[in-house]
Amino acid sequence: MPPAAAASCPLLRRAPAAPLAALSGALYRSGMARRLVAASAGGGGRAPAYGGLLLDAGGTLLQVARPVAETYASIGRRYGVTKPEKGIMEGFKRAFSAPWPKTLRYQGDGRPFWRIVVAEATNCTDDDYFEEVYQHYAHGDAWRLPVGADTTLRELKDAGVKLAVVSNFDTRLRKLLKDLNVSDM
């Protein structure tokens, strides 16, 4: 990822971007959500106007509950990590701007990739620290849905719109979707 793109990465910002939240908020304010659902419901015997909606996971449907640098630093204190959050963010950006071989990034459970990212961000190579960070992000309480996403997605599903998450996220994704109560959609 180029440095400019890394700087705009929602995972790196204090207040993560919320594309779906912005969309759902705008839909609610304009009343468009009701019209979209009504159009999708195919009123009057018509076929739904929208057959499906594909969503990305990380940074779109799933957003970190608190900033990554804050989490890395908080967990890291128990392992001797003293790097300030700003330095952790810089290391995180550096890790994401590095070229990655296709066989490493987002393969399987993602551990080899994330091990390098965490070590680059924090300068800590302690296996127990890495595993605690990795496991932290394997639970739904480390993530949140954008404001209004749950309601919007349920309305669309109820209207017959097929919903799917299409992502290069690692194998933790299915559990996270279940933890956040959206896997049934």
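Start by selecting Arg-172 and Tyr-134: the charged end of Arg-172 sits over the ring of Tyr-134, 3.9 Å from the ring centre. Here a charge sits over a ring if NZ of Lys or CZ of Arg is within 6 Å of the ring centre and within 35 degrees of the ring normal.

This is a predicted model, in which local features need pLDDT of at least 70 and side-chain atom pairs count only at pLDDT 80 or more, while totals for chains, interfaces and linings use all residues. Residues are numbered from 1 along each chain as its sequence is written, and side-chain values use heavy atoms, with hydrogens and water left out.

Stay on Tyr-134, which is buried at a relative accessible area of 4% (buried is under 20%, exposed over 50%, partly exposed in between, with a 1.4 Å probe and protein chains only).

Next, look at the aromatic pairs, of which there are 10. Rings of Phe, Tyr and Trp (its six-membered ring) pair if their centres lie within 6.5 Å; planes under 30 degrees apart count as stacked, over 60 as edge-to-face and the rest as tilted. Select Tyr-79 and Tyr-129: their ring centres are 5.5 Å apart and the planes lie at 50°, so this pair is tilted. The pair links distant parts of the chain, 50 residues apart, with Tyr-79 in the loop between helix 4 (68-76) and helix 5 (85-97) and Tyr-129 in helix 7 (residues 127-136). Helices (H or I, at least four residues) and strands (E, at least two) are DSSP runs, numbered from the N terminus. Tyr-79 is partly exposed at 27%, whereas Tyr-129 is buried at 0%.

Phe-130 is buried, with 3% relative accessibility.

For the aromatic cluster, select Tyr-72, Phe-92, Phe-96, Phe-113, Trp-114, Tyr-137, Trp-143 and Phe-169.

Finish at the second largest pocket, with a volume of about 190 Å³. A pocket is an open set of points on a 1 Å grid where a 1.4 Å probe fits, with protein on both sides within 12 Å along at least five of seven lines; lining residues have an atom within 4 Å of a point. To display its lining, select Leu-55, Leu-61, Leu-153, Leu-163, Ala-164, Val-165, Arg-174, Leu-177, Val-182, Ser-183 and Met-185. Strand 4 gives the most to this lining, with 3 residues.

Methods: Points joined across faces, edges and corners; volume = space filled by probe spheres on them.
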